[in-house]
Protein chains: 2
Amino acid sequence: MIPAAAVDVSGERFRVEYRIAAAEPDARAIARDICVEQTVEFPLDRIPDGDIRDVIVGQIESFHMDDDRHGRATISYAVETSGLELTQLLNVVFGNYSMKPHVRVERVDLPGALVAALAGPRFGQAGLRSILEVPARPILCTALKPMGLPVVALSDLTYRLALGGIDIIKDDHGLTNQAFAPFEDRVCRCVEAVERANRETGFRSMYVPNVTAGGGDTLDRARFARAAGAGGLLVTPGLAGLGTMANVAAADDVGLPVFSHPAFQGSYVTNPDAGISHAALFGQIARLAGADASIYPNFGGRFSFGREECRDIANACVAPLGGLPGIFPMPGGGMTVQRVPELLDFYGNDVILLIGGGLFQHGPDLLENCREFRRWVDRWNTEYRIQK
Amino acid sequence: MIPAAAVDVSGERFRVEYRIAAAEPDARAIARDICVEQTVEFPLDRIPDGDIRDVIVGQIESFHMDDDRHGRATISYAVETSGLELTQLLNVVFGNYSMKPHVRVERVDLPGALVAALAGPRFGQAGLRSILEVPARPILCTALKPMGLPVVALSDLTYRLALGGIDIIKDDHGLTNQAFAPFEDRVCRCVEAVERANRETGFRSMYVPNVTAGGGDTLDRARFARAAGAGGLLVTPGLAGLGTMANVAAADDVGLPVFSHPAFQGSYVTNPDAGISHAALFGQIARLAGADASIYPNFGGRFSFGREECRDIANACVAPLGGLPGIFPMPGGGMTVQRVPELLDFYGNDVILLIGGGLFQHGPDLLENCREFRRWVDRWNTEYRIQK
């Protein structure tokens, strides 16, 4: 009752590596099921011979057992199934299978033609370094908080943080458009504060407001922030949508670096047998969705990510991905000034260090805390470059 | 270094019930940490006495141990922390804590004033029944597939499915705007097909295209679908964004029933100790985000949801929620015509039964399969109403 259909395809395919928490032969059967569920989602015996079976249904490119209880399958899909859209690409990668408790997306491998059709990062590491006029050293970031402060207090904080030499002063992801610190007023005053500090220091600190909102409102706030002189934009794709973040990155009337925040996305990584790997989610997918820097909770802080997972994310931020520029890993979450040398030993120069509350706890004088953060980075950078 | 701030708040608070996978006293400490992490995300000892500590930081309203290894805390937050926006509300509920492996959102409890500021469902059960002219019986739905069919084959299927008495013929969530079945052409022809069948049958079947895309494109497709005469809209909020779905539901120039698809959201529910409960995600949150019906995988199908979880979702679709109308539970995923009586015994009349591939497998004649699906529903409905 389904007609045979010729499907006009290029022959190009993208690949997804899945880890399957099952023993043989179940693991292999699950791999075959992924091929169907993620594409035609239809009884195979009711599809006539032809292109739908031959090219639309996913194909197992390789399969092996990692150990007795875990298989690993690489499955390829016709590029055309993605409609050359990020949201539909992710749907094919993991839409329905996100509801299965035993399959995890480890990585994606996309041909350049598909990646070129997506937005991707507008700036990447090199572009962001150029804007900040920081050609080589690690980049310093902090977050404006706590929620509840009025705009005048937040802009005063912004001024002091910029005076202290912090490169990127971003809104905490909990600041949106609450009555106690409305978005437009906050953006205008914090931009003014950072510009005033920059005139005094000669630095190029930037203020990065949080534009996360529902649907089109995110883009509206991004445009407002651009017009008001903000230096970049914080977007939480778990709330605004990955496609919305990609739209913000791609919009020519915005044209600002995008910083991706991991809030509300954590559930993809808390089950080791399911969800999406840290590297694929916070590295590859954030990058495909236009992030120039990807924030994630660092090892040893308030969250549960391990060293290896953080290493994987940082690697995925720069590994080849269809010709996209490399982006910054941006570890944060319970970091302290004392840990700067350890973090830089781990990440090297191409990192944005996000120290939020810890910067306020370090000592009684906020300005001095910022300067110490900056000194640690400068000192490490000098020594590191001499060693190199 | 943080000034004391007076925060103008109404005193109204919303409540979130969290299940915490830890023994005493850790579970209680985690509850206290949630209060801070989800709001000020700042060292408490660096916040001066005043409103930020007293009203912005979350408050434990109740705490008890469910068993030796699981605590349960109800935490309240000032309504103002949400900025009266869905995305920020979800950020306070679970933004950073989504990254913790031992805390699960069980339910939210929102005051009417907050719910009224969100969009919510435009139609709900009563509105959708009125459009379909189906005042009381269970509603029938199927999905157009497989991916790869051209528009002419999809519209022919639509015609036959409508002729067979299926109330709602929706795009499979994998049909977006691929070259083999482009969105605009597909919508126009499937609308025409369903209207042609309706003229013959006198039924009021509706075609529901999938408008899921990146950011503002979702709204653009929704407007096109409305203008073309579609009966409703399929949105996958895990891909488009929950806020985007809410925007579509609220847009007066769209004004169509919204059907929420669970793809890419499954990772929130696959870890029993983390994420979000089935009822909160597919019941409460889908409803707050404007869904008139919430699709989810039924027990006993291809997915792993259990009977109790499905019951919880169905209950959350209609339980009091700040004055919002009740919406339809829409179980699907591997359902068959033979299971209709069992499903209706379980769900009663107020359900949309989604049978996709199973409708094509039931027998050799698609039209007859549809009519049998319809007969089962009509028969059950008659007997059920006589019993009542």
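Predicted model: local features only at pLDDT ≥ 70, side-chain atom pairs only at ≥ 80, totals over all residues.
In chain A, strand β12 (residues 328–332) is largely enclosed by the rest of the structure, because 5 of its 5 residues are buried. Phe328(A), Met330(A) and Gly332(A) point one way from β12(A), while Pro329(A) and Pro331(A) point the other way. Strand β11 (residues 293–297) of chain A runs parallel to β12(A) and is joined to it by 5 bridges. Within this pairing, Tyr296(A) is placed opposite Pro331(A) of β12(A). Between β11(A) and β12(A) the chain passes through helix α12 (residues 307–318) of chain A, giving a right-handed β-α-β crossover.

In chain B, Val340(B) belongs to helix α13 (residues 340–347). Val340(B) counts as buried because its relative accessibility is 0%, which falls under the 20% cut-off. When residues up to four places away in sequence are not counted, Val340(B) touches Leu353(B), Ile355(B), Phe373(B), Trp376(B) and Val377(B). Trp380(B) is 40 residues from Val340(B) along the chain, and the C-alpha atoms of the two are separated by 8.7 Å.

The largest pocket holds about 500 Å³ of space. Its lining consists of 25 residues, and those closest to the pocket centre are Arg104(B), Glu106(B), Ser277(B), His278(B) and Asp312(B). At least two lining residues are supplied by each of β1 (13–20), β4 (103–109), α11 (278–288) and α12 (307–318) of chain B. Sorted by class, the lining of the largest pocket comprises 10 nonpolar, 6 polar and 9 charged residues.

Key: Residues numbered from 1 in each chain as written. Chains lettered and ligands numbered in written order. Heavy atoms only, no water. Helix = DSSP H or I, 4+ residues; strand = E, 2+ residues; numbered from the N terminus. Buried < 20%, exposed > 50% of the residue type's maximum accessible area, 1.4 Å probe, protein only. Contact = heavy atoms within 4.5 Å. Pairing = 2+ DSSP bridges. Right-handed = clockwise from strand over helix to strand, strands pointing away. 1 Å grid on protein atoms, 1.4 Å probe; cavity = no way out; pocket = protein on both sides within 12 Å on 5 of 7 lines; lining within 4 Å. Points joined across faces, edges and corners; volume = space filled by probe spheres on them. Nonpolar A, V, L, I, M, F, W, Y, C, P; charged D, E, K, R; others polar.
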